[in-house]
Amino acid sequence: MISPHRTAGPSPFLRWGAAGLLPLLGLAIVTVIGSPLAFIGIQAAQTSWDQAQRLLGRPLIATLLWNTTALAGAVTLATAVLGFGAAYLVERTDLPGRRWWTVALTLPLAVPEFVRGYSWISLTPSVHGYWGAVLVMTCSLYPLVFLPVAASLRRGDAAAEEVSRSLGQGPLATLRRVTLPLTRPALAGGALLVSLYLLGEYGAFAMLRFTTFSTAIFTQYKLGFDAASASLLTLVLVLLTLMLVTLEAGAGRRGRTVRRGTAGRSASPVRLGRGRLPALAALSVLVGTALGVPVYALVYWLFAGSSTTLPQASLLSAALTTFGYAFTAALTATAAALPVALYAWRRDTLFARTLERAAFLPRALPGIAVALAVVYFAIRCAQPFYQQPPMLIAGYVILFFPLALTAVRATLAQVPPGLEEVARSLGSRPAAVLARVTLRLMLPGLGAAVAMVGLTAGTELTATLLLRPTGTQTLATQFWTYTSGLAYGAAAPYAAVMVAMSVPPVLLLTRRALGPNPRTENR
């Protein structure tokens, strides 16, 4: 994860918060967000040592470990290569239509992973197993690498690259020795996001008939009703996540620092020459595979008919329900992330750093584990909310709080602390500075945080299947019902609406992540 430079010294309202309510509020929020880890620990503790040894010693565990790590390794490597290569072509070369390519390369984020799996399976059932999972997940997740690397190249100072070229180094040598090390933190952060998504994904792998830890955990919870065994498997998944976070932190520290701000110079574009046609062909194949296949599949099944023996459901009702739950969860998660980000960003203490890092741990948990934790605590501590809308909203907030926290932190980094000092010197109270200055400056970024969480929550499947109130259907659950019955035509409208609803947030996030291009766009 990329950590921008912290501002020098705490701002006035945070001096007030550090001594009073802000750290307590942040601790309370992170405790709630981390409650699924307590549930997993409680369930795992119910397993005796002999039972744990028998479970973890089964050949199936070795198979799950190999499948999960092999898939994560292959997809992370493929997305790193594709994401970096596409970002370099768009940001550092004279590729025609760079602005158009930026949008086209990012739009695959609007297609949920399980919808992409449905697209391939419904067109050609031969896409399944390990290689099918590699293909589908690579097409889904490479934008998670493309966006941060493109942002790093666009905003970074290209002086080192210019010096390398002036010393006689060719484009490839400069790329390998200068550009790649400069973007290593962004590349490592994007690769970590890809790996975390792979560890927790269920729907796409279930469609592609590929077994990983997440699908095995869902089977233990949903079909075997064995919460203790599933919790042990989830602990293994958490350990894998901690290893990935440690590796990413090391890779990011080894990267060089890219200077930010107006002082940085943009690089003159590398001329592709005869390589222009192959570059355009490569990007066309990538976009065609990642975006063209799902769009073609949806259009095909929309016109192929929607006959099914399953009962029909209201598309409009499912869309409104999805939007309502996703938007409410997005607002709640963003509001909850604000005090944690405010305290952790400006108070560079061990407690603040620990609090912030602990908030990211639930991102490693499968949706099924978070859903069962919400059910567990609702039955014991909040029975009136059992099988009610707040349960589903709570599940979304816990699952996607790290996304909101990341977006809020990035927004907070853009707020000049000097403005807060000026407002305080004019006699404003710390709370007034927060409300009238800081939050107003953060509003565009907070909107991006709401869009990011809403986009992800609107297409969440696994936790929704367990936490939705009885009789409630979202676009994702109705889509899953039809695809489980092989009614691909009936499922297509729900998938199409999910994709259409995801496009505006993706475009907003792209604009926020990359910002304006300092170079003159090709006309």
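By class, how many nonpolar, polar and charged residues are in the lining of the second largest pocket?

Mentor: This is a predicted model. In it, the lining of the second largest pocket has 17 nonpolar residues, two polar ones and no charged ones. The lining comprises 19 residues, and the pocket holds about 410 Å³ of space. Nearest its centre lie V32, V374, P390, A394 and I398.

As for where the lining comes from, the elements that give two or more residues to it are α2 (21–33), α17 (315–346), α19 (367–381) and α20 (389–412). Of these, α20 gives the most, with six residues.

One of the lining helices, α2, also packs on another helix. Its partner is α18 (residues 350–358); the two meet at an angle of about 30 degrees, and their axes are 10 Å apart. Because angles under 35 degrees count as roughly parallel, α2 is roughly parallel to α18. Their crossing is left-handed. On the α2 side the contact is made by P23, G26, L27 and V30, and on the α18 side by F351, L355 and A358. By class, the residues of this contact are six nonpolar, one polar and no charged.

Helix α7 (residues 113–123) packs with helix α24 (residues 475–484) at an angle of about 25 degrees, the axes lying 11 Å apart. These two helices are therefore roughly parallel to each other, and α7 passes α24 in a left-handed crossing. Here F114, V115 and Y118 of α7 meet A476, F479 and T483 of α24. The contact of α7 with α24 has five nonpolar residues, one polar and no charged.

The other pair is helix α5 (residues 59–92) with helix α8 (residues 129–141), where the angle is about 40 degrees and the axes are 9 Å apart. That angle makes α5 oblique to α8. The crossing in which α5 passes α8 is right-handed. From α5, the residues A70, L71, A74, V75, A78, T79 and L82 take part, and they meet Y130, A133, V134, M137, T138 and L141 in α8. The residues of the contact of α5 with α8 divide into eleven nonpolar, two polar and no charged.

Technical notes
Residues are numbered from 1 along each chain as its sequence is written. This is a predicted model: local features need pLDDT of at least 70, side-chain atom pairs count only at pLDDT 80 or more; totals for chains, interfaces and linings use all residues. Side-chain values use heavy atoms; hydrogens and water are left out. Axes are lines fitted to C-alpha atoms, for helices over the stretch in contact, and angles run from 0 to 180 degrees between N-to-C directions. Helices (H or I, at least four residues) and strands (E, at least two) are DSSP runs, numbered from the N terminus. Angles under 35 degrees count as roughly parallel, over 145 as roughly antiparallel, 65 to 115 as roughly perpendicular and the rest as oblique. A crossing is left-handed if the near helix is turned anticlockwise from the far one by less than a right angle, and right-handed if clockwise. Contact means heavy atoms within 4.5 Å. Ala, Val, Leu, Ile, Met, Phe, Trp, Tyr, Cys and Pro count as nonpolar, Asp, Glu, Lys and Arg as charged, and the others, Gly among them, as polar. On a 1 Å grid over the protein atoms alone, a cavity is a set of points where a 1.4 Å probe fits but cannot get out, and a pocket is an open set with protein on both sides within 12 Å along at least five of seven lines; lining residues have an atom within 4 Å of a point. Grid points are joined across faces, edges and corners, and a volume is the space filled by probe spheres set on the points.
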